[in-house]
Amino acid sequence: MKIVGIIVEYNPLHNGHVFHVNQIKKLANPDLIIAIMSSSFTMRGDLSLFNKFEKTKQALQNSVDIVVELPLALCCNKADIFALNACKILNLLKVDEIWIGSENNDENIFKMAYNSFYDKDKYIKEQMAKGRSYKEITDEIFPLKSNDLLGYCYYKAIVENNLNISLHTLQRCSSNYLDKLPTDDKIASALAIRNNLNLLDKYTPSYVSNDKDKIYDEEKLFIYLKYKIITTSNNELKQIYFVDEGIEYKLKSIISFNSYEEFINYLATKRYTKTRIK
């Protein structure tokens with residue numbers, strides 16, 4: 001039996017994801033497709049448009065055979081941790097291959113990047129301590145676009161943990177990960193769709209667009225977040241993962257804000273990116 005694994009967030013599942021699965025069925029001819037999927041929150045700390053149960057239902061309708069959750073503590077984390085645990089779970093599930101979308105569509109590029117990053121962990125940590133972002137530093141050493149940087153993390157996890165899994169790429173087509181507006185008639189990025197939910201009808205399957213009434217609104221969480229921060233002591237806030245260097249005091253300024261987006265923008269700096277704050 002040939003088992004193929006995919007690692008997805010489906011925020012939301014769109015026509016590009018349908019193309020991805022169809023290409024896997026065509027090129028890999030798997031007996032089983034297993035998806036490791038982030039929970040109701042994504043790697044970058046965003047509240048997913050749909051909760052994990054709706055996303056699971058949609059994934060199954062997209063010809064995925066089994067959906068396994070990547071737990072919140074692992075998915076809402078750094079790319080290395082996200083990738084490592086997704087790959088380890090797929091290894092436990094006896095997956096033979098992982099297929100990912102790629103900007104370069106060159107499987108050799110991950111080995112090249114790995115060799116370029118080899119022995120540079122100390123330098124990367126030093127630069128991050130100076131306030132530079134991981135993406136900024138890795139771009140300096142060996143530039144990779146969004147999907148391929150995550151692909152490198154999968155490759156690293158497989159190599160360094162001796163996982164018996166091969167990594168394969170599919171050309172990302174029609175739109176880039178960071179496209180804020182559609183550039184194609186059939187496929188738009190998830191970001192473009194999240195920015196304009198009216199695009200759901202055109203760029204997602206009907207089993208996704210028909211679930212519009214189940215979409216979550218991140219702003220509606222703000223009042224609960226505000227209450228939680230105001231009623232939590234500074235010492236307790238300091239125990240939260242990633243809260244350091246006195247940012248727990250700055251969190252208390254939430255009392256002056258009435259918008260989640262405005263609060264995130266206020267807290268974000270070069271050192272504390274919006275993703276880290278979320």
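The model is predicted, so local features need pLDDT of at least 70 and side-chain atom pairs count only at pLDDT 80 or more, while totals for chains, interfaces and linings use all residues. Residues are numbered from 1 along each chain as its sequence is written, and side-chain values use heavy atoms, with hydrogens and water left out.

Helices (H or I, at least four residues) and strands (E, at least two) are DSSP runs, numbered from the N terminus. Buried stands for under 20% relative accessible area, exposed for over 50%, and partly exposed for anything in between (1.4 Å probe, protein chains only).

Next come the salt bridges, each one a side-chain nitrogen of Lys or Arg within 4 Å of a carboxyl oxygen of Asp or Glu. The count comes to 13 by this rule. One of them links E54 and K57, with the closest N and O atoms 3.1 Å apart. Both residues belong to helix α2 (residues 52-61) and are 3 residues apart, about one turn of the helix. E54 counts as buried because its relative accessibility is 16%, while K57, at 34%, is partly exposed.

A second bridge pairs K156 with D80, this time with 3.5 Å between the closest N and O atoms. K156 lies in helix α8 (residues 146-160) and D80 in helix α4 (residues 79-92), so the pair ties together parts that are 76 residues apart in sequence. K156 has a relative accessible area of 15% and is therefore buried; D80, at 29%, is partly exposed.

R132 and E140 also meet in a salt bridge, at 2.8 Å from N to O. R132 is buried, with a relative accessible area of 19%, and E140 is partly exposed at 43%. Salt bridges with shared partners also join E54, K57, D211 and K214 into one network.

K270 is located in the loop between α15 and α16 (274-277), and its 60% relative accessibility is why it counts as exposed.

Finally, the surface patches. These are made of residues with over 30% relative accessible area and no salt bridge, joining like charges within 9 Å and nonpolar side chains (Val, Leu, Ile, Met, Phe, Trp, Tyr) within 5 Å. Accessible areas come from the Shrake-Rupley method with a 1.4 Å probe, and for residues only the protein chains shown count as cover. L221, I223 and Y224 make up a nonpolar patch with about 340 Å² of accessible area together. I223 is part of helix α12 (residues 222-230) and, at 58% relative accessibility, counts as exposed.

D217, E219, E261 and E262 form a negative patch. For charges, Lys and Arg count as positive and Asp and Glu as negative, with His and the chain ends not counted; the place of a charge is taken as NZ of Lys, CZ of Arg, CG of Asp or CD of Glu. E262 is in helix α15 (residues 260-267) and counts as partly exposed, at 48% relative accessibility.
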